[in-house]
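Dear colleague,

Please find below the structure that I am handing over to you.

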Amino acid sequence: MKKILLFSLLSITTITTISAQMPWGNMGGGKSIKGKITGQLIDSLSGEPVAYATLVLKKAGKDKEKDGIISEDNGKFRFDTKTGKYDVYASFIGYEEKIIRDVELTLKDPDYDIGKIMMVQDNVVLDEVEITGERALIENKVDKLVYNVEQDASIAGGDATDALRKVPLLSVDLDGNVSLRGSRNVQILINGKPSGMFSNNVADALKMFPADQIKKVEVITAPSAKYDGEGSAGIINIVTKKENIEGISGNINASVGIRQNSLNAGLNAGKGRFGFNSSVGLFYMWPQDTDVTFDRTQFLADDDVATYTTRGTQKTSRLGANGTASMFYDFNAFNAINSSFTYRGFGFDFDGTTTSEIIDPSLMIQNEFTRINRGDNLFGGFDWNTDYTKKWEDDEDRELVFAVQYSKGDNNQDNFVDETHQIAEFDRVSEIVNDGDNYETTLQVDYTQPLPKSYKLEVGAKTVIRDISSDYRNSIFDGNSFIDIPSQTNIFDYDQDVLAGYAQLSFILKKKYSITFGTRYERTEIAGRFLEGEPNPFENDYENWLPNVTISRTMKNFRTLKLSYSRRIQRPTLFFINPFNNNTDQFNRTIGNPLLDPEVVHQYEVSYNMTVAGITFFGSGFFRYTEDIIESTLGLDDNGISVNSFSNVGSNQSIGLNLFATKSINKITLRGGGNFYSYDAQGTVNGVDLERTALQYDLFFNGDYSITGDFKVDFFGFFQAPKATLQGENPAFSIWGFGLRRDIGKLSLGIQVIEPFRRVQNFVSDLDGPDFTQSYSYGVPFRSIGINVRYKFGKVDFKERKSKIKNSDTKQGQQGGGGQGGGQMGQG
């Protein structure tokens, strides 16, 4: 711990000293005859930067190209050239070409800043594709794929899982587990930074996040070195609608349906160099009944079998709330501070009754029993982020950022069990409680230094300090009071400290190649201990060098070819390591594994996009090799009790293909595609060598039809094949629906319909081992109809700001319905 803090302070001091002393910002100035032309491309409709547009420099009045570059992700560009008079041409698909003429560099003034160049969207038909003033639903950019959620009427009133389910490359099952190219090892960010809301259980958190608060979703499959090494499959960045503004505005959004309801409101204000925004949201899901079926068969000697069956119904409801307040202040054009505070609380309660039967000839037992199970699960916490940004007057692309983040996450599970058995000695009344806390402190510094000829150097350092605890208790009612069971009651403390540093260089080569390469160093120190009855705490530390390289080639007619390689890791969080013995079902228990190692992932990727005959096509292929993969495992102990846990089971190699295409014909736009990938794993589970090969896939389609300029229909469909593991497979999943939206001035009315002809959908998962088979199924209400009302007021100029902290370095819990917790952290 002391080493990490000392190294962090030295890294920050070194970067700060270098940034203060470097003379690069003045290169090309003085008496030199070489200068620079700078500017920024802005979408005239949305006010957002236009990234990766083509810029060409020509001598004034001449046709010959002198230089060519691509705008950066913030829309900025820079030409380094000799004094003279020039014309600058800016172009990008869907925009009118912009020409800035007679830009003159002189010996007295060799630097010329054009400022903001407003790019106007083109309304004419190009190649049979109609480009309108509304932003496209899906944008394929050089470094990421963007899904503009606010343009989709079919998710009004839904939650974040409904939005992510519509994004190409992603798949989301019923529980809310998100996969990117078949891997759940993704890092989810909110506005480019981590949120403690995902530190406990990603699936449950996404269900509490209203889709109406989401502006867009960005998918990054090959993160650069400046991102944390975690999130081995990639990064998902959810950008919300809250932005800093000039003026006053607000919005109210209400949705009511037969399955879920939400209410959201926001107020934004800004004037001059100061801005403030706030939002609150409420979410409630009506109680719903889930039918549960469980069957396990254990193979005994002499061809005997032992069976355990369960049938029953569980009623579940969900309630969530969140609030955010943020502000910014620009001291001047070169110094600014940005701070935000987010509070959240969400949970679910359940009440179920099941009947079960156990038959075991080896123990001469035949026992029927009834279980009443009630539970309350509460997940809450807060995030506080503050960034300070410094720029330089002689070069505004030169930037130094200090950032700090403090987060707290709560994970409280309270379960009550009352069992009445045919064999009375098995009767029990129990309380099973787990109170988890996750504290995270992050310190980060990033420095960006532009270099001549469109080169850019980025360096940074980061420290993440995590203190995680799990206070768990299992007690039995003895007729008078609840008595703790010592072997199942303890406090587990887990410290995970991460030190990271990175360096990255990007540049344009021969006007058409965009190249980024870098490396990241991460050191992890782990310490775990039980406060009672465990004299031997455990410690572990490891180091990782994580290189990456991306080469992008732009061609005529807006075609792009990209190649990339990255090496990343996936650390287990408390969800996986928590030793809490959850024996709500005492014959089918779940317990974490505190001795898990991180996964190590190597990924190669090639992607290509083009537009032919009005069809925009995107395709990518990848090869991913994972060492020490973490999977859920199931085994039987000597008493025939199922024990569910997690293990580093072995290795997996996956070859995959992602396809996506879109076509617009008049007022109709159609989109479709799929993800196809292999599962080829070898490993050991409970001492048994296993291997499994499977072809997995998911398919999707969606589209929209503009009846009039303010009346729109959206529709979608999705199918996900069963997901393979070494011991079996998880259930398949499908969904379809449509939505309508009518805008009337500042008022918007909508309706959403999901699966109108299917009241209940059933899901089945199967597992098997050398001495058992197990099947679990549950059926949930699926039909959903809801209405949505939106109202906006005020008129503002949006100016988006984002925190620099993007913690993304832990494998997050994924199973819906009450995970055990964990932490995660991202860029820097």
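This is a predicted model: local features need pLDDT of at least 70, side-chain atom pairs count only at pLDDT 80 or more; totals for chains, interfaces and linings use all residues.

In what order do the 4 strands of the open sheet stand, and is their pairing parallel or antiparallel? The order is β3-β2-β5-β6, and the strands pair in the antiparallel sense. The edges are taken by β3 (65-70) and β6 (98-105); each has a single partner strand, so one side of each is left without a neighbour in the sheet. On average, neighbouring strands of this sheet are turned by 20° against each other, direction ignored. Within the sheet, β2 (residues 54-59) and β5 (residues 84-91) are joined in antiparallel fashion over 6 bridges. Lys58 stands opposite Asp87 of β5.

As regards the chain as a whole, its secondary structure amounts to 4 helices and 45 strands. The chain has 828 residues, of which 55% count as buried. Among contacts in the chain with a separation of 6 or more, 67% are between residues 24 or more positions apart. The accessible surface of the chain is about 34400 Å², and carbon and sulfur atoms account for 57% of this area.

On that surface there is a nonpolar patch of about 640 Å², made by Ile248, Ile252, Leu263, Leu267, Leu282, Tyr791 and Phe793. Two or more residues of the patch are given by each of β17 (244-257), β18 (260-271) and β44 (784-799). Leu282, one of the patch residues, belongs to strand β19 (residues 274-299). Why does Leu282 count as partly exposed? Its relative accessible area is 46%, and partly exposed covers the range between under 20% for buried and over 50% for exposed, which means that Leu282 falls into the class in between.

A further site concerns Ala732, which is found in the loop between β39 (728-730) and β40 (733-744). Ala732 is likewise partly exposed, with a relative accessible area of 26%. Which residues does Ala732 contact, leaving aside its neighbours within four places in sequence? They are Phe719, Gln720, Ala721, Pro722 and Phe763. Phe763 lies 31 residues from Ala732 along the chain, and the C-alpha atoms of the two are separated by 7.0 Å.

Yours sincerely

Note on methods: Residues are numbered from 1 along each chain as its sequence is written. Side-chain values use heavy atoms; hydrogens and water are left out. Patches are made of residues with over 30% relative accessible area and no salt bridge: like charges are joined within 9 Å, nonpolar side chains (Val, Leu, Ile, Met, Phe, Trp, Tyr) within 5 Å. Accessible areas come from the Shrake-Rupley method with a 1.4 Å probe; for residues, only the protein chains shown count as cover. A salt bridge is a side-chain nitrogen of Lys or Arg within 4 Å of a carboxyl oxygen of Asp or Glu. Buried means under 20% relative accessible area, exposed over 50%, partly exposed in between (1.4 Å probe, protein chains only). Contact means heavy atoms within 4.5 Å. Two strands pair if DSSP finds at least two bridges between them. Axes are lines fitted to C-alpha atoms, for helices over the stretch in contact, and angles run from 0 to 180 degrees between N-to-C directions.
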